[in-house]
Amino acid sequence: MAVEQHGGSEEDGGFLSESQKERIRAFAKKFRSNTKAMVGLVIVLSLIFVAVFAPFIAPYEMNDTSVEDRTQAPSVEHPFGTDDLGRDIFSRVVLGSRISLYVGFGAISGALLVGAVVGVVSGYAGGLTDEIIMRVMDAAMAFPPVLLALTLLVVLGPELVNVIIALAFVYTPYIARVSRSAALAERNEAYVESAVARGESDTRIVFSEVFPNCMAPILVQGSLNVSFAILAEASLSFLGLGAQPPRPSWGLMINTGRGFMETAPWMLLFPALAIGIAVVGFNMLGDGLRDVLDPKVEAIE
Amino acid sequence: MSAQQAEDADPVASSTADSSADQPLLDVRGLRTEFRTETEPVVASNRVSFSLERGDTMGLVGESGAGKSVTARSIMRLIDPPGEITDGQVVFDGEDLLQKSEKEMRDIRGNRIAMIPQDPMSSLNPVMTVGEQIIETIRRHQSVSKSEARRLAIESMDDVGIPDAEERIDDYPHEFSGGMRQRVLVAIGFSCEPDLIIADEPTTALDVTTQAKILDLLNEMQERENTAVLMITHNLGVVAQTCDHVGVMYAGNLVETAELDHLFERPRHPYTRSLIDSIPEVETEYDELPTLDGAMPDLSDLPSGCNFAPRCPHATEACRSGGDPALEGVGDGSSRAACIHADDLDLSESTAAKSGGGRREIDRSGEPLFEVRNLKKYFSAGEGLLGNVRLSREGGGLPTIERRYVKAVDDVSFDIYPGETVGLVGESGCGKSTVARTVLRLLEPTGGEVYFEGEPIHDLGSGAIRSLRREMQIIFQDPHSSLNPRKPVGRIIGRAMERHDIATGEEKRQRVRELLERVGLSGDAANKYPHEFSGGQQQRVAIAHALAVEPKLIVCDEPVSALDVSVQAQILNLLNEIQEESNISYLFISHNIGVVRHICDRVAVMYLGKIAEFGRIGDIFSAPFHPYTESLLSAVPHADPKRKTDRILLEGSVPSPIDPPSGCPFQTRCPKKIGDVCEQEVPELEAVGDDDHRISCHLSVAEMSERDSFIAPREKREVAGSD
């Protein structure tokens, strides 16, 4: 959606022309008719809704312990049951969505910012610049994401902000790769040559001509990577290097629930379900966006 | 509707019943193909009925979007969803193809019916070598060994004029130029010697000399194998040269079918007449090129009457209502036309205005605006830093290290005066586009000098070059790719003005509107995105973009070759008008001799990176000729079946620019080669007659003057001959 508005009208005083409205309408129509994208969008929007209004939705405080209510099975009072300290799991899952989304969006925004610029510049510049940048990216990509993030966190210290920094670093090369290949394709289009012939500088060509045309694949890659980042945060928290107790991170909750798998499986089940739903949601949104956001297909019509 | 279709299919059905002894090879009856859309189905091909005898060639002509390709694909059952063949029969060799299973169709496709597709860029699999792709087709349908198939593949590549077939068979499609890829596709089509070849614009992407060869090859194969050909083309010249019968399509309907001679002598449908008229004749001088106004109606929103009525000069009230007329027999001949006035109208005379004194004279007394001297552009042959290094051991002795270059442009000089149009013609790969990019410094020249109003472009720093770009603009071949799809056209055009501080804010917006109106679009178009325009309109936007900075020179790199014939003339007229108003100069690059004839003042004919001949239009088209120019001009197909030009077919193919021939670059193919001197000495570009006409050839002027002229009207030539 952001892409469509990107072509927008900084010069026309913010008013959308008929043509731009038409473009957005056509996009919305295509988006609506794409089941995958719609399901993904609904899941993601609900997640965001839950995260934003978490304190109002959650019936209990996240740290409300109660000794007599320890490891209770799901009931009307505690829909997801309670954990070993008698805390309401439903409330903790709801509040945990904040952490997951915070880390997911935070890490990927960082990765997008750096990766897209690096990738598009590298793809447009070509030659030696491209070689050097991409070899560095390849080296970073050679490490398994979680392992690299772990190493970074050991250095930076186990804090949520550091998780974001580490994950942003880990996912930058993925975004850069996609951006570069998009820029490579766009570089050969005649409008770039036309801009050179018009006397534009390279900087302007990269950011004003090439960049907007690479947005679609970059955004798709970004929304897919949000789900990986959420997963990675859960893994890191599970390993004890992410969010620290008593923060209700889903990964951390699974880690605690691990010990009670036989006596209180809900402690593990519901956070795991939440992770699953979030990952599937972002994945479907990304996949759907990929189907919808292909300007070439649209232009051929 | 269905009753009408049945009626329509009847005459064909009954005529085939009469001659059932020797059935036609292909008999299409009432074919209807629809594409489902969200609202209602769009009928892309409607009530199409025709038959094709063994060994005959039938042409299907019409503008793009007329339904030619859909019809052809329907015959091969290659319509993908949401498309669907909803009615009709396709009887091939006595069997209805529409009733066959998909498996049976697979044995027919490529083997008995082969297709030569339209788009050479996307029709070859980029991850397989061209050899594999030809061999694949051969081995799918013929039981031959791998090595035998390979030999056949090399042979068929040779047949379609691919140089060094034996080496190039293991190359990938991207290593071939567009024209070469089309030849590979032709080779694949012919590889199994099918009964019917459906050629979908097979020569549109080829050069005239290659086109002539391919068309000859098609004719030859057809006679030898008794192959029938269904030739889909927008080029009436190709039709006139190859076909026996012609079907004219418009908005999904066959509007006229006739024998070739009847069609050109007396077209029965006004659309046919307009199509024939929209092709400029080489002999005629025009004030303005004849155009066919308007555009094909939107297939989802057809007019209530005859589809052609809105553009038809003969339309009456009766035409505008009462549905689209059916295809019916007209007169005594074999013609059929879908026009209610077909019997009354006499369309045998051309309606195009021919008057006019041609182009005005150019004052070449002052300083040239643009001067190119000894321009050279070499590309490294191979990838990377050391990719072009080869060890060579010529003449024995120690191997020497040699760097290899593709000499794309080698020693080219010309000049352009204010208000003049200089053409660069030549076949693909002759270096004309490289010249265009190198003179503008979009590519760095390897050597030589380029002056613009005395400023040495080759010597300027990048900042100075960027400022000078205001004076020199370029229009590209593919308007679709030359406009940024993410920006409204108003911003694309306005940006050019901002960049060079010509106008900003309200003034800029005003001027964008004026420019858009100037190029024949509405001023409101500024807010639209490029994809909302048709190809012709996009090229108009590209012209507006070039004009926005008020340049003195515009380089036009094949500006009309991606457009429909009727639109081509509109764009060329627009370029001419703009030149008359603002005295702009053009460097006009084209492979289309007919176009060059009508827009250029002087022409440089290029071959293998060198200029073979340079002179005024009149000089180029009249004796003395460079042998290459002569063959190039003789190969142009004319939209007149009775005209038999003695075409000079060139031997072999264009040599590789990595390893150009010694001496004269044209000596390997020259029909007039005189001997050793051609192989040893590079001929100078020398003046013949007056100083403005220069030819690079060892032949004497008399030897180059055996033929008269390609543009003098025939009557005049006879008079001259009797004198």
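Which strands of chain B does helix α12 lie across, and at about what angle does α12 run to β13(B)? In this predicted model, local features need pLDDT of at least 70 and side-chain atom pairs count only at pLDDT 80 or more, while totals for chains, interfaces and linings use all residues. Residues are numbered from 1 along each chain as its sequence is written, and chains are lettered from A and ligands numbered from 1 in the order in which they are written.

Helix α12 (residues 432-439) of chain B lies across β13 (370-380), β16 and β18 of chain B, and runs at about 115° to β13(B). Helices (H or I, at least four residues) and strands (E, at least two) are DSSP runs, numbered from the N terminus. Axes are lines fitted to C-alpha atoms, for helices over the stretch in contact, and angles run from 0 to 180 degrees between N-to-C directions. Residues are in contact if their C-beta atoms, placed from the backbone, lie within 7 Å.

In chain B, 4 strands form an open antiparallel sheet in the order β16-β13-β18-β19. Two strands pair if DSSP finds at least two bridges between them. Because β16 (405-416) and β19 (455-456) of chain B each have a single partner strand, they stand at the edges, and one side of each is left without a neighbour in the sheet. Strand β18 (residues 447-452) of chain B is joined to β19(B) by 2 bridges, and Y451(B) stands opposite P456(B) in β19(B).

The next topic is the contact between the chains. Chain B gives 26 residues to this contact and chain A gives 21 residues. On the side of chain B that touches chain A, α13 (462-468), β20 (472-475), α14 (479-482) and α15 (489-499) of chain B each supply at least two residues. This side of chain B has 9 nonpolar, 8 polar and 9 charged residues; Ala, Val, Leu, Ile, Met, Phe, Trp, Tyr, Cys and Pro count as nonpolar, Asp, Glu, Lys and Arg as charged, and the others, Gly among them, as polar.

Within chain A, the axes of helix α5 (residues 89-125) and helix α10 (residues 202-238) come within 8 Å and cross at roughly 145°. The contact of α5(A) with α10(A) has 18 nonpolar, 4 polar and 1 charged residues.

Finally, pLDDT is the predictor's confidence in each residue, from 0 to 100. Chain A has a mean pLDDT of 84, with 92% of its residues at 70 or more. Over residues 1-14 of chain A, however, the pLDDT is below 50.

Note on methods:
Contact = placed C-beta atoms within 7 Å.
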